Amino acid sequence: MDGKRTLPLFSFFIIHPSSFILFPMDSLIRILRNNSAIPRADLARQLRLSEAEVSAKITKLEADGTILGYQAVINREQWDTESVTAVIEVRVTPEREGGFDRIANRIAGFEEVESVYLMSGGYDLLVIVDGRSLREVASFVADKLSTIEAVQSCATRFRLKTYKENGLLHALEEAPERLSVTP
Amino acid sequence: MSSSRIAAHVRDIPRSGIRDFFEIVQSMKDVISLGIGEPDFVTPWHIREAAVYSLEKGKTGYTSNLGLPRLRRSISTYVEKHFSVEYNPHDEIIVTVGVSEAIDLALRALLNQGDEVLYHEPCYVSYSPTISLAGGVPIAVPTRAEDHFTLRAAALEKAVTPKTRVLMLNFPTNPTGAVMPLDELEKIAAFAVKHDLIVLTDEIYSELTYDEVKHHSIAALPGMKDRTIFLHGFSKAFAMTGWRIGFACGPADIIEAMMKIHQYSILCAPIMGQEAAIEALERGGRSVERMREEYRLRRNFIVSYLNDAGIPCHSPKGAFYVFPDIRGTGLTSKEFSFKLLEAKKVAVVPGTAFGPSGEGYVRCSYATGMDQIKLAVERIADFVRS
């Protein structure tokens, strides 16, 4: 899969949530979640393992679907000022067999959809959609999303500005000065 | 200007070795420093936010000499939970301007002129001068690399005299990262009882222990509470060095005596820091956990790298320092540190800054970002090779 390239700098990676319970690999996963671009040699030293052991563990996590991919966290306001992100609250009628899963997967299949979550509360699915323009997102909602039979309603909101994403602040903070030698 | 203007007991105190080194480092550009004894983390936001909120509410006045009652109650709860000793917030706890002030207060409250104080070495730079300034006689008890710089009761027995009044402990230790195994700590407690000593225990690094090592306070050992002054603060675990908040817990008569000095010299610790400290104790667990994990990974990295580079380095179980053995280079600690600084622009602190028994070692702090640590150890490895 082409998402498995290691990207420079502010990268994070996506893991399957069940891995927190199933694997005694907390430290490895924590480090990779913060910085998946870390060299294997550094990982090995930090975890007191050999490089080969680290590679084997990562390969295993990739193979069993715990690690789904590696992506860079991009400051969109710097890189692409045109594109828009919509956060859509979708109410759907669950199916007698399968509940929300089939409908959620059907929505998730669209390329425009970045994330889909099943939610508790006043609506059922939270759908995050990326588009090149307002018009593109509007057309996706009108033509694709809202016409799916089980979809009762969509409430679409647009993201105006990002302050923090995946644990990273978008405004770079200046490191405060420290004395160079202290007891 | 004649130096006789200065009181003799102050004049006689030698200039801190770390200070000379600091001035040279400050005068140079682009130095990577492993010489910093404070966390590189900024105080966690929830703590800073709580302090800002307290300012907005206008909390800007003096507090009780002993410190805010709510903070003392939080301290009491925290110490009981983490150290298994109960202190009454009413009269057994005093909030101070950092642990440094608490050490000073305790020594001044306890020592008569000429009383001897035992402390283990290498140690934090202020112990010996603070003892001298309080009229005491500092007696260093060297710890050994073979013991991973833990303190042996047998070594104390050799140093004790009828004039010994106080024993000072600091585990985990700055600069060695040493932690005390429980069985040896019990022997030291027995030693203190046998010689009727007061124990002053500075446990500022106690949250920062690694590899499933559980920190034990001597104050919690049977029969020790009444002869122990337990010192702790917020600087290290909560990354709050600049707030200057520490505290002492101990028998009411000693806390009362310390309070007498504190009320006339300091009055009270700053209220802003006290407000922030309440937040730290009540909700800081998660932040401490995150920082400790990061320190652990850095320690693993630095220890592994130095050993591979041929610089023997034990993996300490506490604090955020490693204390590698540089004797293989044929240089003294001071020569090593100055030459490394000159040749590679990396600052480490000579072991001798922490007492003569630190000769042959240097202190490297890993309270610095991983990228900086990596660059620094690469340069150290280069330096040792050449």
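**View 1. Where chain A meets chain B.** In this predicted model, the contact between the two chains draws on 14 residues from chain A and 23 residues from chain B. On the side of chain A that touches chain B, helices α2 (26-34) and α3 each supply at least two residues.

**View 2. A closer look at α3(A) and α11(B).** Here you can follow helix α3 (residues 40-47) of chain A as it packs against helix α11 (residues 285-308) of chain B, with the axes 6 Å apart and an angle of about 105° between them. Angles of 65 to 115 degrees count as roughly perpendicular, and α3(A) and α11(B) are therefore roughly perpendicular to each other. From α3(A), the residues to look for are A:D42, A:R45, A:Q46 and A:L47. Their counterparts in α11(B) are B:L297, B:N300, B:F301, B:S304 and B:Y305. Taken together, the residues of this helix contact comprise four nonpolar, three polar and two charged.

**View 3. The seven-stranded sheet of chain B.** Seven strands of chain B make an open sheet with mixed pairing, and reading across it gives the order β2-β8-β7-β6-β5-β3-β4. At its edges are β2 (93-96) and β4 (137-142) of chain B, each of which pairs on one side only. From one strand to the next, the twist averages 20°.

**View 4. Strands β7(B) and β8(B), with a helix across them.** Zooming in on part of that sheet, strand β7 (residues 228-233) and strand β8 (residues 246-249) of chain B are antiparallel and share four bridges. One pair to pick out is B:G233 with its bridge partner B:G246, the latter in β8(B). Helix α9 (residues 252-265) of chain B lies across β2, β7 and β8 of chain B. Relative to β2(B), helix α9(B) runs at about 30°.

**View 5. The three-stranded sheet of chain B.** This open sheet has antiparallel pairing and the strand order β9-β12-β11 in chain B. Its edges are taken by β9 (321-322) and β11 (349-350) of chain B; each has a single partner strand, so one side of each is left without a neighbour in the sheet. Strand β12 (residues 362-365) of chain B runs antiparallel to β9(B), and two bridges join them.

Notes: Residues numbered from 1 in each chain as written. Chains lettered and ligands numbered in written order. Predicted model: local features only at pLDDT ≥ 70, side-chain atom pairs only at ≥ 80, totals over all residues. Pairing = 2+ DSSP bridges. Axes fitted to C-alpha atoms, helices over the stretch in contact; angles between N-to-C directions. Contact = placed C-beta atoms within 7 Å. Parallel < 35°, antiparallel > 145°, perpendicular 65-115°, else oblique. Nonpolar A, V, L, I, M, F, W, Y, C, P; charged D, E, K, R; others polar.
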